[in-house]
Amino acid sequence: MYSGASVRHTTGQGLSLAQAQHKVRAALARAAETPRAQWSWGIVAIGEMIGLIALRRRSPTALSYILREDTWGNGYATEAVKHVVVFAFTTARLGTPGGHAPPRYPRPPAAS
């Protein structure tokens, strides 16, 4: 997920295995905090994990996601965001989520 075009709008570089493991350990540690400052979920589709989505208690509430590049354009992030926004308002009782989405890249025209 943290490679190729998927990182263009984040760090600009992929993660090594050690960096990815650190990221997972940090997310697990944040899950144990009280009050909770961040929630993180995996985005699963086509039988595998294709991305991550996170919600952070800030002002404004922050929502971010990253998807594997080969899964873009299928509505997976849109569906994940819908679920997280409902969670933000109902379960977490946070304010209106804000966020930054990368610009959309046009798909090449279909061959005729």
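Predicted model: local features only at pLDDT ≥ 70, side-chain atom pairs only at ≥ 80, totals over all residues.
Residues are numbered from 1 along each chain as its sequence is written, and side-chain values use heavy atoms, with hydrogens and water left out.

Back to the charged residues. The structure holds three salt bridges, and one of them joins Arg68 to Glu48, with the closest N and O atoms 2.5 Å apart. Because Arg68 lies in the loop between β3 and α2 while Glu48 lies in strand β2, this pair ties together parts that are 20 residues apart in sequence; helices (H or I, at least four residues) and strands (E, at least two) are DSSP runs, numbered from the N terminus. As for accessibility, Asp70 is exposed, with a relative accessible area of 57%, whereas Glu48 counts as partly exposed at 36%; the cut-offs are under 20% for buried, over 50% for exposed and partly exposed in between, with a 1.4 Å probe and protein chains only.

Glu79 and Lys82 also meet in a salt bridge, at 3.9 Å from N to O, and both lie in helix α2, three residues apart, about one turn of the helix. Glu79 is partly exposed, with a relative accessible area of 39%. Through shared partners, salt bridges join Glu48, Arg68 and Asp70 into one network.

Now to the aromatic residues. Which residues make up the aromatic cluster? Trp39, Trp41 and Phe87 form it, and a search of the whole structure finds two aromatic pairs, counted when ring centres of Phe, Tyr and Trp (its six-membered ring) lie within 6.5 Å, with planes under 30 degrees apart called stacked, over 60 edge-to-face and the rest tilted. Trp39 and Phe87 are edge-to-face, at 5.7 Å centre to centre and 70 degrees between the planes. Since Trp39 lies in strand β1 and Phe87 in helix α2, this pair ties together parts that are 48 residues apart in sequence. The rings of Trp41 and Phe87 have centres 5.2 Å apart and planes at 80 degrees, so that pair is edge-to-face as well. Trp39 and Phe87 are both buried, but Trp41 is partly exposed, with a relative accessible area of 29%.

Trp39 leads us to the largest nonpolar core, which has 15 residues, and in which Trp39, Ile43, Ile53 and Leu55 touch the most other members. Such a core is a set of buried Ala, Val, Leu, Ile, Met, Phe, Trp, Tyr and Cys residues joined through side-chain atoms within 4.5 Å. The elements giving two or more residues to this core are β1 (38-45), β2 (48-56), β3 (61-67) and α2 (76-89), and α2 gives the most, with five residues. Beyond its neighbours within four places in sequence, Ile43 is in contact (heavy atoms within 4.5 Å) with residues including Ile53, Leu67, Tyr76 and Ala80.

Finally, Gln38 is found in strand β1 and counts as buried at 10% relative accessibility. Its side chain is joined to that of Arg56 by a polar contact of 3.4 Å, a term for a pair of N or O atoms within 3.5 Å in which, within protein, one must be able to donate a hydrogen and the other to accept it, and for which residues adjacent in sequence count only if both atoms are side-chain atoms.

How values were computed. Salt bridge = Lys/Arg side-chain N within 4 Å of Asp/Glu carboxyl O.
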